[in-house]
Amino acid sequence: MNELRELARSLLASGTVKVVIGYENVEGARWPAEGPRGVRPSFVTDPAQADRLVFDSRCVQNLAAYLNPRRQHLVSIGKPAVVVKGCDARAVAGLIREGQLRREDVVLIGVRCGGVVRDPALGPGLIEEEVSDRCGGCEDREPKLFDHVVGALPPPPPSSTRRADALARLQKMTAAERWTFWKESLSRCVRCYACREICPMCFCVQCIADKNRPQWLDSSPTTRGNVAWHMTRALHQAGRCVDCLECERACPEGIPLGLLGRHVAQVVERRFGYRASADPTVPVPLGVYRTDDEEEFIV
Amino acid sequence: MSIPCTEVASAGTAFEPKVVAFVCNWCTYTGADLAGTSRLKMSPNVRIIRTPCSSRISPLFIIKAFERGADGVIVSGCHTGDCHYSTGNYYARRRFAIFRELLDFLGVDTGRVTFSWVSASEGTKWQQVVNDTASRVKALGPFNEYPAQGEVGRP
Amino acid sequence: MTRAILTESDVAKLVADLVGAGTRVIAPVPAGPDWEETEYRPIERLEEAVLDGPLPRRSLKEFFRPQQEEEGSALVPQVILGARPCDAAGAETLDNVMGWDYRDELWRARRVVTTVVSIACRRVESSCFCGAVGIAPDSTRGADAVLVPLDLAAGPPPSRRRITEQLRSWVNMFLIDSQPFPGAAELQAADEVPCAQQLPPMRWAARAVTLKGAVLLRGRGLPFTDPADLDREATVARTARDLVAKNLDTLRLRRRSERLDREAEARLGLMAADGGELIDPSLAFEEAGVRRLPQWLAQNHDHELWKTLAPRCRGCGNCSAVCSMSPCFDVDEHEVEARRHSAAKAATRGGHRSALAPHAMKTEHFRQRVMHKFSIHPRRFNEVLCTGCGRCSRSCEGGMNLPEILGQLVHLAGPEPKRIAT
C-alpha cells in the first residue's frame with residue numbers, strides 16, 4: 001500500500017499526471033454494513049492526499065470505465081494514472097486497441113492481485129462465499145499491461161464454483177426451460193442501462209438502443225425489447241468483454257448478466273482461440289477472420 | 001435431403017410457418033432466382049429479403065424478424081472464398097457462429113434458424129434449403145414463446 | 001381519529017378480504033437470492049409478505065407511475081400494505097410535480113385508487129437519514145393509515161415462516177458422505193420449525209390518517225384500550241427516531257450546537273438567524289441544516305465543490321432508478337404509445353436520450369441532481385425532493401454518498417444554528 005501511495009505522490013508531485021484514479025475507503029454509511037465499510041473509486045489530485053489510496057481485496061470496481069474519452073469532466077482534469085488489476089488492464093488495452101485512448105495518454109499502475117470480493121462492502125478477508133465469480137482461474141494476477149507494478153503477489157484466490165455451477169445448470173436444462181429462465185430474468189429489466197453506462201467497453205456515442213430512425217429495439221422495458229437489448233449487448237461485447245462483472249453489480253434488478261457475457265466469451269475462446277487480451281496490438285476476433293474458421297453450422 | 005413442396009403444402013394442419021430469408025444479392029439471391037426460373041417447386045412460406053452481402057446481415061435483423069412474427073429465419077450468402085466483396089462472408093461466419101450459440105444458450109430452438117452458403121448456380125440447393133427449413137419450422141410449430149409486442153414482465 | 005389494535009390475524013384477514021374483492025395488495029416480499037433483500041410486489045396472502053424486513057429495493061413510484069404505462073391501461077384499486085414512511089412521503093411529495101403546471105391524469109388516477117398503509121420503522125438501516133429531510137420513522141405523510149408495531153425487540157424478530165423456508169432451502173446443501181443429514185426429510189416436510197423461544201405475536205397500533213384509511217380500517221381489530229400500548233407505541237417511535245439521529249451524527253448531518261451566551265455572541269459578531277429562539281433538539285431537520293441549502297445552492301452554482309464530487313459518477317442511473325422521488329419519464333411513441341422511466345444521466349450518449357441530457361460534463365449532471373432535490377424543488381414547493389431513504393447511496397457504484405455530500409454542503413452553507421440560553 002505504501003508503495004502505491006509513494007508512487008502516486010511522486011507522479012503527482014512531478015507533474016507526470018494530474019490525477020491518480022484509485023480506490024479509497026468509504027467514509028460514512030453503506031448498506032448492509034454496520035458502519036463505514038467498503039471502498040469506492042478515488043480521484044487524487046493533490047500529492048498530500050495520496051494516503052487516501054488503498055488496495056486490497058475489496059477493490060472490485062473496474063476503473064478503466066473512467067478513461068472513456070467522452071467523460072469530459074475527467075479529461076479536463078488532465079493526464080491520469082489509473083490503478084489497475086490485471087483484469088482491468090485488459091479493459092484499458094481494449095480501449096487502446098479500439099482507438100479510444102492513446103497508450104501514452106495514461107499511466108497504468110498495475111497491482112498484483114489475489115482476487116477480489118463480489119461486492120466492495122464485503123471482505124477484506126477473501127473467502128469462497130465472497131470471492132468474485134471472475135477470479136477463479138485468473139491468468140492476470142501479475143498485470144500484463146502497466147507502466148509501474150506495485151505490491152507483492154498474494155496467494156491465489158479461493159476458487160468458487162458458483163458460476164460454473166450456474167452455467168452447468170443452464171446447460172442441463174432443455175431449451176424450453178432455459179428460455180423460461182431467461183425470459184423471466186430479462187423481463188425484470190427496466191432498461192435503466194446501468195449495465196451499459198458502467199461498462200468500460202460500452203463507449204459508443206450513439207448506442208443502438210437509442211437510435212430511433214430506424215428503431216431497432218423497443219425503448220420501453222417490454223420483455224421482447226429486453227431480450228433484444230441484452231442479446232445485442234452480449235454480441236457487441238463478444239471478444240471485448242473482460243468479465244469485470246460491473247454490469248451485474250450495477251443492475252438494480254439483480255439480473256445475472258455475467259452469465260451471458262461469460263457464455264459468449266467461452267464461445268469466442270473455443271471457436272477462435274481468443275480471450276480479451278492485455279496486448280493492445282492483438283486484434284479483436286470479430287474484426288478478423290481465418291479462412292478455415294469452423295462452419296459446421298452452415299449447410 | 002430434399003422434401004418436395006407438395007408434401008409441405010398438403011400436410012393438412014392449419015399452421016403455415018412464416019420464414020424470413022436474408023440473402024446476399026450476388027450469390028444466394030441469384031441462386032434463388034435460378035431456382036425460380038427453373039420452376040423448381042418451393043415452399044411458399046419463405047419471404048426473401050435481399051442484402052448486398054451476408055456481412056450486412058446483423059443479428060438484429062434476425063431478432064427483429066422473430067419479434068415481428070417470423071417462426072423461422074434463413075440466412076444465406078456466398079461460399080467462403082467467393083464473396084463478391086472478397087471477405088464479407090468470413091466476418092459474417094464468425095458473427096453468425098457466436099449469435100447462433102447465444103440463441104441456443106437463451107433457449108431458442110436453433111432448428112428455427114438456418115445458415116447456408118448458396119452460390120448463384122445452386123438453384124437446387126436453394127430449393128433444398130427453403131423446403132427443409134419450412135418443414136422443420138412447421139414441425140416445431142409457431143414461435144409463440146417469443147414475447148409479443150407490449151408484453152411486460154411486471155404487472 | 002380511528003384507532004385500533006391489529007394482530008397478525010387481523011391483518012391476514014384484511015389482506016384476504018381485499019384480495020377477494022379484487023383489490024391488488026402490494027407488500028414487501030423477500031426478493032433475490034439473499035434473504036436480506038425485499039421488494040414491493042403484489043401478494044395474495046399475508047404469509048408472503050415480510051413486514052419487518054429491510055428497506056425494499058425500490059420505492060413505491062412504480063405503483064403510481066409504472067415502468068411502462070400505456071394510455072388507456074386499466075386501473076386496479078390497490079392497497080399498499082407495509083409501505084415505509086419514507087416511501088409513503090415520497091409519493092405525496094411527487095404529487096406536487098405531477099400536478100402543478102400540467103395535471104398528470106394517469107398519475108392522479110392511480111393515486112386516487114390507491115390506499116397506502118405504512119408501517120412505522122422499527123428497523124433503521126445505516127443509510128437512513130430521513131430525519132435530516134423532515135421525515136421521521138413514524139411519519140404519517142402520504143399515508144392513509146399508519147401501523148406502529150407494539151413490540152420492540154432487540155432486533156426485528158425473524159418470522160418463523162421465513163426461518164422454516166430458509167432452512168428448507170439450505171437442507172440440500174448439507175450432505176454427510178453425500179447423504180442428507182438425519183432429520184433432513186422431516187425438516188423438509190415440516191410446516192414450521194419448532195422454536196425454542198416463543199416469539200410474541202405481532203401487534204400494531206393502527207391509526208387512520210385520511211378518510212380512505214378510516215374506510216379500510218373500519219371494523220378491524222380491537223379498540224385501543226390498554227394505556228401500556230400507548231407507551232409501547234411511543235417507545236418504538238422514539239427508538240427509531242434515535243437510531244436515525246445516530247445516523248445523522250455519523251453522517252455529520254447533525255452537530256452539537258454550542259451554547260454561547262449573548263455577550264460572547266455579540267463580541268464575535270454572531271447572532272442566531274432566528275433571533276435567539278430555543279431550538280428543540282428533537283427537530284433533527286433543523287439541526288441538519290438542510291433548510292439552509294436552497295438559498296446557498298442557488299448562490300453557489302459554480303462552487304469548486306462540484307468538481308471534486310462528480311468524478312466518481314459513471315452515469316449508470318441507478319440512483320434515479322431507485323429514488324422514490326424521481327418520476328422522470330420518456331414518452332415512447334413508436335409502436336406502442338407508452339411512457340417509461342428515464343434517467344437523463346447518460347451524458348456519454350448521443351441521440352434520443354441526450355436531448356434530455358444536455359450536460360456534457362458529469363459535474364453539471366451531478367450538480368443538477370443535487371440542485372433539483374435540494375434547491376429548485378424546495379424553492380418552488382417549499383419541501384425538499386428527498387425522503388432520506390438512502391437507496392441512492394446503497395446502489396451507487398461510484399460510492400457517491402448523498403447524505404455525506406449533504407453534510408459537506410451544509411457545512412459550507414454556514415454556521416450551525418446556535419442554541420441560546422433563555
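Me: What is the mean pLDDT of chain C?
Reply: Good place to start, as this is a predicted model. In chain C, 66% of the residues reach a pLDDT of 70 or more. Taken over the chain, the mean pLDDT is 74.

Me: In which element of chain C is confidence lowest?
Reply: Confidence in chain C is highest in strand β5 (residues 78-83), with a mean of 95. At the other end, the mean is 38, and that value belongs to helix α9 (residues 262-268) of chain C. Where pLDDT is low, the predicted coordinates should not be read in detail. The element with the lowest confidence in chain C is helix α9.

Me: Is helix α4 of chain B mostly covered or mostly uncovered?
Reply: Helix α4 of chain B runs over residues 88-106. Of its 19 residues, 14 are buried. That makes α4(B) mostly covered.

Me: Which residue takes a positive phi just after α4(B)?
Reply: The helix itself reaches 27 Å from its first C-alpha to its last, close to the 27 Å expected. Just past α4(B), phi is positive at about 110°, and the residue is B:G107.

Me: How many residues does domain 1 of chain A give to its contact with domain 2?
Reply: Chain A has domain 1 at 2-150 and domain 2 at 162-287. Domain 2 of chain A brings 22 residues to the contact. Nine nonpolar, six polar and ten charged residues make up the side of domain 1 that touches domain 2. The number from domain 1 of chain A is 25.

Note on methods. Residues are numbered from 1 along each chain as its sequence is written. Chains are lettered from A and ligands numbered from 1 in the order in which they are written. This is a predicted model: local features need pLDDT of at least 70, side-chain atom pairs count only at pLDDT 80 or more; totals for chains, interfaces and linings use all residues. Domain bounds come from an automatic or database domain assignment. Two residues are in contact if their C-beta atoms, placed from the backbone, lie within 7 Å. Ala, Val, Leu, Ile, Met, Phe, Trp, Tyr, Cys and Pro count as nonpolar, Asp, Glu, Lys and Arg as charged, and the others, Gly among them, as polar. pLDDT is the predictor's confidence in each residue, from 0 to 100. Helices (H or I, at least four residues) and strands (E, at least two) are DSSP runs, numbered from the N terminus. The expected span of a helix is 1.5 Å times one less than its number of residues. A residue is buried if 20 or more other C-beta atoms lie within 10 Å of its own, exposed if 12 or fewer, and partly exposed in between; C-beta atoms are placed from the backbone.
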